[in-house]
Amino acid sequence: MPVRFSIIPIFLAVLVLSLSGCDSSRDDGVVDAVIIGNPDAMYASGLRLSAAGQLLRGATAEGLVGLNAGGEVVPALADRWIVTDDGQSYIFRLRNGKWANGAPLTGDSVRVALMSNLEGLNGTSLGLDLSPISEVRAMTGRVVEIRLEAPVPGLLQLLAQPELGLLRDAAGTGPMAMTRDEGVAVLNMLAPDRRGLPMTEGWDETVSPVRAQAMAAPGAIEQFDSGAADIVLNGRVDSLSLADTGALSRGTVRLDAALGLFGLRVKNARGFLGDAGRREAIALAIDRESLVAPFNIGGWVPTTRIVDPSLSGTLDSSQERWLDLSLEQRRATASARVALWRAANGGDAPRLTIAMPPGPGSDILFRQIRSSLSSVGIVSELVGLDDAADLELIDRLARFDSPRWFLNQFNCSLERGLCSADADALVLDAIGQGGTEERSNLLLQAEREMLASNVYIPFGAPIRWSLVRGDVGGFATNRWGLHPLSPLAMGPI
């Protein structure tokens, strides 16, 4: 079952909805959006995009397909497509549009742009997700075919990612045009005929400009609470405690039932972390049930797994690790392993540094982790993301609903921390398998191999939150935690 979240107490949200339409800040007919993140990163020109950069790229550069407010795949540059029975060929019919420079949108020009993006993603986890693509062909007129080595049921979801927005001469095709006003991106919907779509009389009366900017969480929440912002996006656990205060007097905290990774990645194999059994001691010690309790959210489901248990084809939730052990028994096992290490290393307690992003939420989460580790004799210290660390908080949203996404995050080629070459080999073998059952079995084996190596200490699903005024349309929570900007322009004002 998908993870569901709710902010406690719920009656506050009802009160806020009744009050949020009373502010006059929307009289200018503009939707003001603030994205929590680095202001400079929002305008990145490459393919390594922050959350703010993803939202801006998605608004100004369409791919073959896109995502709507609910996270569903919708037509973009391609207005229709077919998938062959074997699942190894996707054929896209392009709409009758033009590039930003006026050149016609052709199968060959789209093929060139798509190949450029795919090549640019080499060496990234998204590139690994897309690795089954064997060929991109331009067919007659406005038709493009993508051929695969093996079926990828989530391919459309991958092609809808902002990094797959296509450019020509460094410009995209919309759906929005951007101008910069100092640190603010002013986004306006392009006319339908500019996008190769039928013109509709009065279309411009149904859309609003969107002003988007990125800033740190405290400033974003202050903007919302003062009425200067209508929506705040990309809230994470490091800032969640800030949202559960004054901002609730003006808006609703909306949490996504997100799919992804939330836990600790092992960054080195030195000292105490040099043995898989001792790394497992850390996983055994964590009290997942109470880990996020201080944040007052209900419905968050912890897991001891790498792959989200809700995904079809994975081990069901009844096969979580250590189900036959209580927390006290798990910690007794972990304490024994710590004691053995201390006896062999002069009696000193193992000391581990844990890297997390700055913010009061990180401080709260670290205190919970520190308490768990202290209970088995491990001393821990919080450090920044730029510091050398033994463990690092991983808080990532899934790109598509396949076990392969979760396993690809730890692929040895990415050099992000400890990894399992055996697990990587199994994932690679799974890509080449034609049968669904064979692929699923190999991916299950890969997860078991990675769990046994204990290169990652899972907590549960990632936490994503937004602040949304009641009169803002075009927003919906979704499992991808990604909220496109263009639907905001088409909602009620």
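**Figure 1. The whole chain at a glance.** Buried residues make up 54% of the 493 residues in this chain, where buried means under 20% relative accessible area, exposed over 50%, and partly exposed in between (1.4 Å probe, protein chains only). What you're looking at is a predicted model, so local features need pLDDT of at least 70 and side-chain atom pairs count only at pLDDT 80 or more, while totals for chains, interfaces and linings use all residues. Residues are numbered from 1 along each chain as its sequence is written, and side-chain values use heavy atoms, with hydrogens and water left out. There are 14 helices and 20 strands; helices (H or I, at least four residues) and strands (E, at least two) are DSSP runs, numbered from the N terminus. The C-alpha trace spans about 75 × 55 × 35 Å along its principal axes.

Figure 2. A nonpolar core is a set of buried Ala, Val, Leu, Ile, Met, Phe, Trp, Tyr and Cys residues joined through side-chain atoms within 4.5 Å. The largest one here has 136 residues, and Ile146, Ile369, Phe459 and Trp465 touch the most other members. Leaving out residues up to four places away in sequence, Ile146 touches a list of residues including Leu64, Tyr90, Phe92, Leu114, Ile133, Leu155 and Leu159. Gln88, Ser89 and Glu135 are also among the residues it touches. Contact here means heavy atoms within 4.5 Å.

**Figure 3. Ser380, tucked into strand 17.** Ser380 sits in the strand covering residues 379–383, and it counts as buried because its relative accessibility is 11%. Beyond its neighbours within four places in sequence, Ser380 contacts Leu352, Ile354, Phe366, Arg370 and Leu373. Look for Asp390 too: it is 10 residues along the chain from Ser380, with 9.7 Å between their C-alpha atoms.

**Figure 4. Asp32 and Arg211, a salt bridge between strands.** Their side chains meet at 2.7 Å, N to O. The pair links distant parts of the chain, with Asp32 in strand 2 (residues 31–36) and Arg211 in strand 11 (residues 210–215), 179 residues apart. Asp32 is buried at 11% relative accessible area, whereas Arg211 is partly exposed at 29%. A salt bridge is a side-chain nitrogen of Lys or Arg within 4 Å of a carboxyl oxygen of Asp or Glu, and the whole structure has 17 of them.

Figure 5. Asp108 and Arg111 are about one helical turn apart, because three residues separate their positions in helix 3 (residues 107–120). Both ends are partly exposed: Asp108 has 42% relative accessibility, and Arg111 has 26%.

**Figure 6. Arg337 and Glu280, a salt bridge between helices.** Here the side chains meet at 2.6 Å, N to O. Arg337 lies in helix 9 (residues 327–344) and Glu280 in helix 8 (residues 276–285), so the pair ties together parts that are 57 residues apart in sequence. Arg337 is partly exposed at 26% relative accessibility, while Glu280 is buried, with a relative accessible area of 17%.
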